[in-house]
Amino acid sequence: MKHLLSLFILASSSIQMLAQADIKPTFVSGTIPGGSEGARMICDGKLSTKWCIDEPGQMPYFIILDAGRQLGVVEYGLVTGDDTNMYPERNPVTWSISGSNDQQAWTLLDDRKNDRSLPAEGQQEYRFKPQASGQFRYYRFEFLRMAGGSRIQLSEINLYDKVQTPIKLAFVSTNTTTAAQTGRRRPTIAEDASMVADGFLHTKWCIDQPSQMPYTVTLDAGSQTAVSEYRFYTADDTHSYPERNPIAWRMSGSNDQQTWTTLDEQKSNRRLRDENEQEYRFKPHATGQFRYYRFEFLRMAEGTRLQLSEIKLYK
Ligand SMILES: [Ca+2]
């Protein structure tokens, strides 16, 4: 009982803390705002759309975002385009960020010169901590130089007013058949449960083994860690197969892989949509210090095939 009570207190303080974590900025203006690859795509919440322009006469390119209210950005994330593995030269390397409350007077918050942190990998978020912070409603990004040439592409810009640290995960086990068990090569190897923790959105766990339901995957956080948020990512062809999205699942934590504590349970959650490689964030109902995290998938939108490209946990 004592344990349950402390768990409940942990859970409620965590939920309260998280309520102010997410910023959903809206687009104000930018270089070439319209079109299928215009600046508006930079905060539409979809990794499958991007801002991709090549207008040397209009450099430096800019984007202005509205955070909705005055707040202090402690981290921002630049997300690469869907084909950045083929076109890494489009990654920005020199840019600045400024904050304002009236869009007239701007305060410089971060200034990056020849920063090559963005990877040659599609749809990857790289986070930066600005050198300065302040309470601002509007944030302006100016991109002065790309890795090569004058074409820029980014799928999203994310703003954070609370640092959320991703937890490095290792795959532990699954109750479903794995590549090692079948002895077969691709595509089985490319689609087994370990693919939800390999860091890539273009690889996925995709299985249809009705006798093994609920499908289970156990992940190792490396040390006892409290999880404040977990994220599911849909697969590369979820647009064609939305029925494979999970709608009922259970998340549990353990330190010995014997005793499991239920942290979250969803019975008919249809938040995952028919969109490829999209991120969906969930706050568990409870939290605690656990090293192992297990997800059990009990039901899909339709049928018995499950697919997810990644599962991520955040402190
Ligand atoms: Ca993956």
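I take two strands as paired if DSSP finds at least two bridges between them. Helices (H or I, at least four residues) and strands (E, at least two) are DSSP runs, numbered from the N terminus.

**Entry 1. The model.** I note that this is a predicted model, in which local features need pLDDT of at least 70 and side-chain atom pairs count only at pLDDT 80 or more, while totals for chains, interfaces and linings use all residues. Residues are numbered from 1 along each chain as its sequence is written. The pLDDT is the predictor's confidence in each residue, from 0 to 100. I found that the protein chain averages a pLDDT of 89, and that 89% of the residues score at least 70. Over residues 1-21 the pLDDT is below 50.

**Entry 2. Overall content.** I looked up the secondary structure and found two helices and 20 strands in the protein chain. I call two residues in contact if their C-beta atoms, placed from the backbone, lie within 7 Å. Among contacts in the protein chain with a separation of 6 or more, 77% are between residues 24 or more positions apart.

**Entry 3. Tyrosine 230.** Which residue in strand 17 is the bridge partner of tyrosine 230? I found phenylalanine 282 in that place. Strand 14 is joined to strand 17 (residues 279-282) by four bridges, and the two run antiparallel. I then turned to strand 20, where leucine 313 stands opposite tyrosine 230. Five bridges join strand 14 (residues 229-233) to strand 20 (residues 310-314), again in antiparallel fashion.

Entry 4. I traced five strands that form an open sheet in the order 11-13-18-15-16, with antiparallel pairing. Strand 11 (170-174) and strand 16 (261-266) stand at the edges with a single partner strand each, so one side of each is left without a neighbour in the sheet. Between strand 15 (residues 246-254) and strand 16 I found five bridges. Serine 252 stands opposite threonine 262 in strand 16.

**Entry 5. Nonpolar cores.** I count a residue as buried if 20 or more other C-beta atoms lie within 10 Å of its own, exposed if 12 or fewer, and partly exposed in between. A nonpolar core is a set of buried Ala, Val, Leu, Ile, Met, Phe, Trp, Tyr and Cys residues joined through C-beta atoms within 7 Å. The largest such core has 31 residues, and Tyr293 is one of those with the most contacts inside it. Strand 18 supplies the largest share of this core, five residues. Tyrosine 293 touches Leu219, Ala221, Val227, Met251, Gly253 and Leu313, not counting residues up to four places away in sequence. I also found a second, separate core of 29 residues, which includes Ile53 and Leu71.

**Entry 6. Loop residues.** I examined glutamine 209, in the loop between strand 12 and strand 13. Is this residue buried or partly exposed? Glutamine 209 is partly exposed, because 13 other C-beta atoms lie within 10 Å. Its C-alpha atom is separated by 7.4 Å from that of arginine 305, 96 residues apart along the chain.

**Entry 7. Backbone geometry.** Most residues other than glycine have a negative phi, and most peptide bonds are trans. I noted a cis peptide bond joining methionine 59 and proline 60. The bond from methionine 213 to proline 214 is cis as well, with omega near 0°. Glutamine 123 has a positive phi of about 55° although it is not a glycine. With 25 C-beta neighbours inside 10 Å, glutamine 123 counts as buried.
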